[in-house]
Amino acid sequence: MNPETLTIGLNPLPGAIPAWHGETYALKWDQTAQRVRGHGGFLVSVWGSDDSDRGQGCAMHVAYAASGALACLSLPLGQHRTYPDLSPVYPAAVRMQRAVKDLLGLQASGSRDTRPWLRHGAWAAGEAPLRKDYAIDGAGTRRSEPYAFVPVSGDGVHEIPVGPVHAGTIEPGHFRFHAVGERILRLEARLGYTHKGVEKLLETCTLDSGARLAGRISGDSTVAYTWAYSMAVEGVSRIEPPARAIWLRALLLERERIANHLGDLGALGNDAGFAFGLTQFSLLKEDMLRVNESLFGHRYLMDVVIPGGVRGDLRAGDIDRLRREADTLGRAIAALRAIYDEHAGLQDRFIKAGIVTPGLALTLGLWGLAGRASGMAWDARVDLPCRPYDELSVRAAVRRNGDVAARVNVRFDEVFESLRITRLLLDGLPGTAICTPPGQAPDRAFGVGMVEGWRGPVFIALHTGAANRIHRLHPHDPSWQNWPVLEHAVMGNIVPDFPLINKSFNLAYSGHDL
Amino acid sequence: MNAAIAIQLGQAVLVVLLAPLFAGWVNQCRAWLQNRRGPGMLQPYRVLRKLFHKDAVLAHRASFLFRATPYIRFGCMVLAAYIIPTLASGLPISPAADVIALVGIFALGRVFMALAAMDIGTAFGTMGARREMLVAFLAEPALLMVFFTPALISQSTSLSTIVHTLAYQPFVIHPGLAFAAIAFLMVLLAENARLPIDNPATHLELTMIHEALVLEYSARHLALMDWASNLKLLAYATMGLALFAPWGIARTIDGPSLWLALACLPVKLAVAGAALALLETLSAKLRIFRAPEFLAMAFLLAVLGLLTHVLLEGAA
């Protein structure tokens, strides 16, 4: 699909990835969505902004990804408070639109689900914290409202409420099961417990100081978030970081991917009762984190990627050390993979648990790691590559079974691919400069950034304000699309298999709740 | 007679005191097998001490049943410790209950635990109770069948007599016992909430069986429930040793044989605990609906043991 086929005037956005942006009007809003869907494009994110401080009203924005480009559309609403509903075309839009309603008070007209999503009652129903006239230090209501779960009735149906406080030290989410005996009839998740007002806080930041906060939106994807953020800032500032910085960023991103996959592979074994896997994989992950600490100054690589480049360089000795580490890891993981593959009890738990068929994945817009396990062969490193991925010929790991075993195998495949990329990056590390400080960014500019984090594509949309400040920044975690699919994946499975299926997706709470 | 009573009491006290150590040993072995350092064998004692020092929290709707259950269950396990010939056979209380009564004592503890879990009316308690009963109603018949093979061999359902026959009659190979032993091991895993049926180390509330039952307990109640579970594991281990490796258990109450029994017991338990840990480390948890298959297999093996005995050794 060329941006021209959208029959809307789109302008190319400067930046590391091919992206277009244009304004549209309400009639075209959902028509364009249908057209994009018809061409096989998918929904990246829906967000709103309040431009009242510029003498305008609110605006809605949407980003689509299609055939190697991002297409971003803005819909100025003027004094209107409604906009056409996208959810009939893209079911994944439902929760994003509910969040827009909670934060900005803009309503998708005709949307069937009008319940709040991120708002638990901490601010009143009529208030909109992302409006410019809402004080950032507002006291809020300090109470919570009841939530209307979809009722399920029938012979022998019972409800199991789980969370948000769990028996282990894990993140808060509420899961409402309706089960018959042990079989799950329906699952409904309620999230938003970790809503911290990150987007509001980002609006108080400059483009420089925002990087630090962007790196803390989802701690396990800090490199992906800071890179996407930096990409957006560099785009609006029209600068390009030095080649070495970009290669180092890719190295960091792959290290983040490997470390998270190792943690997940261990946890998946443990959730199936195979604690041996957890200790072995945790050991490998911990070794990696310690190398991160000693080379880059932070175990999870926070604040290493900055707008304009990176902070911290590798010396010749470090490169040898990372090469040796990659060799050791490769051998150890291959041995553990053989153990996982040959363990009948483990495979019995993994195979055919939590199936998402490729058809369902396509309908609901599953993407990222979980998507690739269900035949959705889309990887931003391959299909929307920024430098240096365009030179590395990344092979996306794709499986079609869509069960826990497929998601385990995608993780294994991706770890080996990341190790291969790591070696290439270490061999070809160019140049010497590692940072080109971005100058003053223009006011009212729009920039985007998107990189393939370990969970899936992380997207950042940046609207700049005057004096190098952030007017509106919308970070989008791939979990937005994938959380609703989890509810489908567990249907018909048994209740005790839910933790394993949930872990095989391992979706973000903090990155989603914002 | 006084000496016998003293030994009876000593055996019970020893078992009650040693039970956490045995659980600690199994956990320590598991840690070693997973390349971990582990918290040490004494960890269960530290947990018990911590729990006994805490104030108990009760659910608002908890009835008398919920509060009484830890004591009832603990009492059942202590009673079992009196009956199972751990150090010596032929002790004063042992004729009071045979193996069938022993199965009944374990069942009593379990029924109260399941009732208490349902008493407070949380989803997890009810779920755990349901699963516990699913496992139990399959494990108990299998356990009874396991007992019948040695009972037929020794013509008695009394554990003391069985130990006498197996350990102190001229040595005979009983092929039926091999099948019974495997079946017993499978029942032991299921009844004590071990892998592959249940995972004693899990924090995932939706997968729990035993842990879901005690989820609402705290402080001294939880301590007693934990201690009772430790006792149950040790009771099963000593029961298995009495049936399938009875050598060393004192037959008469005199100094040398008691010292021998005291020396044999830790060695046998150490080996049994390490074997249990190895078995658990190697296995993943079964899907809950595979548990019936697992226990049906145990039942079949036990029946096979019985048939083997009848066919090969004749209905003597």
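1. Two residues are in contact if their C-beta atoms, placed from the backbone, lie within 7 Å. On that basis A:Val198 touches A:Leu213, A:Ile217 and A:Leu514, leaving aside residues up to four places away in sequence. A:Val198 sits in helix H3 (residues 198-202) of chain A. Helices (H or I, at least four residues) and strands (E, at least two) are DSSP runs, numbered from the N terminus. A:Val198 is partly exposed, with 19 other C-beta atoms within 10 Å. The scale is this: buried takes 20 or more other C-beta atoms within 10 Å, exposed 12 or fewer, and partly exposed lies in between. From A:Val198 to A:Ala243 it is 45 residues in sequence and 31 Å in space, C-alpha to C-alpha.

2. A note on the source: this is a predicted model, in which local features need pLDDT of at least 70, side-chain atom pairs count only at pLDDT 80 or more, and totals for chains, interfaces and linings use all residues. Residues are numbered from 1 along each chain as its sequence is written, while chains are lettered from A and ligands numbered from 1 in the order in which they are written.

3. Chain A overall. Chain A has 16 helices and 15 strands. Its radius of gyration is 22 Å, close to the 24 Å that the globule rule gives for 514 residues, so chain A is as compact as a globular protein of that length. The radius is taken over C-alpha atoms, and the rule is 2.2 Å times the number of residues to the power 0.38. The C-alpha trace of chain A spans about 70 × 60 × 45 Å along its principal axes. Of the 514 residues, 52% are buried. Take the contacts in chain A between residues at least 6 apart in sequence: 67% join residues at least 24 apart.

4. A sheet in chain A. Three strands form an open antiparallel sheet in the order E13-E14-E15. The edge strands are E13 (446-452) and E15 (470-476) of chain A, each pairing on one side only. Neighbouring strands here are turned by 10 degrees against each other on average, direction ignored. Pairing requires at least two DSSP bridges between two strands. E13(A) and strand E14 (residues 457-464) of chain A are joined by 7 bridges. A:Val451 has A:Val458 in E14(A) as its bridge partner.

5. Which helix lies across E13, E14 and E15 of chain A? Helix H5 (residues 222-237) of chain A does, running at about 150 degrees to E13(A). Axes are lines fitted to C-alpha atoms, for helices over the stretch in contact, and angles run from 0 to 180 degrees between N-to-C directions.

6. Chain B overall. Chain B has 11 helices and 0 strands. Its radius of gyration is 19 Å, close to the 20 Å from the globule rule for 316 residues, so chain B is as compact as a globular protein of that length. Buried residues make up 50% of those 316. The C-alpha atoms of chain B fill a box of roughly 60 × 45 × 40 Å along the principal axes.

7. A helix pair in chain B. The axes of helix H1 (residues 2-33) and helix H10 (residues 255-282) of chain B come within 8 Å and cross at roughly 45 degrees. Residues that meet there include B:Phe22 and B:Trp25 in H1(B), and B:Leu269 and B:Ala270 in H10(B).

8. Between the chains. The contact takes 25 residues from chain A and 22 residues from chain B. On the side of chain A that touches chain B, the largest share, 4 residues, comes from H7(A).
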